[in-house]
Amino acid sequence: MTMDLFDQSPAEPWAEPICEGALVLRRFASACGSELLVEIEQVAAQAPFRQMQTPGGHTMSVAMTCCGDWGWVTDARGYRYQQQDPVSGDPWPSMPEVFHKLAKDAAETAGYGGFEPDSCLINRYLRGAKMGLHQDKDEDDFGHPIVSVSLGVPATFQFGGLRRGDRPERVPLEHGDVVVWGGPARLRYHGVLTLKAADHPLTGVCRYNLTFRRAR
Ligand code: SIN
Ligand code: FE2
């Protein structure tokens with residue numbers, strides 16, 4: 001087959017292992033990217049992006065909102081999941097069907113069949129925003145994997161070990177990439193390096209991340 005230089009059709013997704021239990025599904029969400037972005041806007045119209053406070057009193061550089069039954073929040077009282085948006089007191093917007101299907105399909109493709117997320121944290125990064133190394137451990141059952149979708153401006157993901165001091169691997173993430181980790185990798189430290197200034201045709205100066213988890 002000859003390759004047309006001007007062919008705009010998206011590449012087929014492909015998988016890249018990171019370590020046992022973790023992999024990147026490259027471009028897995030590319031085909032539904034614009035749909036996801038429309039839904040992000042709808043969620044944010046009900047539950048606006050906000051920069052939350054860490055328990056230590058710092059303002060996070062990443063702005064967040066949530067959808068699904070359980071939303072992840074942080075404030076002076078600590079990190080936790082709750083069913084109401086603390087800003088409005090209303091329940092979080094429900095999880096759009098396209099979100100749920102994508103997360104389920106990605107988990108299944110990664111070898112984690114039967115994933116039923118009840119929580120989606122939506123992270124918005126602008127230039128200069130970052131996420132320090134941390135473990136996702138506010139969930140009840142670490143038997144469920146994590147599905148993490150990147151949209152818009154590229155970023156560098158850090159994927160470390162089970163101890164904070166383990167040197168993290170750097171994994172470049174682009175629009176449509178989906179990282180899935182679970183099993184022996186479920187509690188690995190991870191984070192995102194400071195976002196560099198860039199422009200994406202679908203998101204402008206923003207990077208979005210959807211983190212799907214089973215909280216309860
Ligand atoms: C996180 O896992 O906490 C954020 C991941 C990302 O933004 O890619
Ligand atoms: Fe995380």
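Good morning. The second largest pocket is lined by 13 residues, and those nearest its centre are Arg27, Ser30, Glu174, His175 and His200. A pocket here is an open set of points on a 1 Å grid over the protein atoms alone, where a 1.4 Å probe fits, with protein on both sides within 12 Å along at least five of seven lines; lining residues have an atom within 4 Å of a point.

A word on conventions. The model is predicted: local features need pLDDT of at least 70, side-chain atom pairs count only at pLDDT 80 or more, and totals for chains, interfaces and linings use all residues. Residues are numbered from 1 along each chain as its sequence is written, chains are lettered from A and ligands numbered from 1 in the order in which they are written, and side-chain values use heavy atoms, with hydrogens and water left out.

To return to the second largest pocket, its volume is about 200 Å³, where a volume is the space filled by probe spheres set on grid points joined across faces, edges and corners. Its lining comprises 5 nonpolar, 6 polar and 2 charged residues. In this scheme Ala, Val, Leu, Ile, Met, Phe, Trp, Tyr, Cys and Pro count as nonpolar, Asp, Glu, Lys and Arg as charged, and the others, Gly among them, as polar.

The largest pocket has a volume of about 680 Å³. It is lined by 36 residues, of which Met60, Trp72, Met131, Gly132 and His134 are the closest to its centre. Two or more lining residues come from each of β6, β7 (131-134), β8, β12 (190-192) and β13; helices (H or I, at least four residues) and strands (E, at least two) are DSSP runs, numbered from the N terminus. By type, the lining of the largest pocket holds 13 nonpolar, 15 polar and 8 charged residues.

I turn now to the metal. Which residues coordinate the iron ion (ligand 2)? They are His134 (NE2), Asp136 (OD) and His190 (NE2), at 2.1 to 2.3 Å. Donors are N, O and S atoms within 2.8 Å of the metal (3.2 Å for Na, K and Ca); water is not among the atoms, so sites may look incomplete. Along the sequence, the donor residues follow the spacing H-x1-D-x53-H. Histidine 134 counts as partly exposed because its relative accessibility is 22%, whereas aspartate 136, at 4%, is buried. The cut-offs are under 20% relative accessible area for buried, over 50% for exposed and in between for partly exposed (1.4 Å probe, protein chains only).

The largest nonpolar core has 33 residues, and Leu36, Phe99, Val147, Val149, Leu210 and Phe212 have the most contacts inside it. Such a core is a set of buried Ala, Val, Leu, Ile, Met, Phe, Trp, Tyr and Cys residues joined through side-chain atoms within 4.5 Å. The most, 6 residues, come from α2. Apart from this core lies another, of 31 residues, including Val24, Val73, Tyr125 and Leu195.

Finally, two prolines. Proline 55 sits in the loop between α1 and β3 and is partly exposed, at 37%. Its C-alpha lies 4.2 Å from that of alanine 76, although the two are 21 residues apart in sequence. Proline 172 belongs to strand β10 (residues 169-173) and is exposed, at 52%. Beyond neighbours within four places in sequence, proline 172 is in contact (heavy atoms within 4.5 Å) with Arg26, Ala155, Thr156 and Asp177. Thank you.
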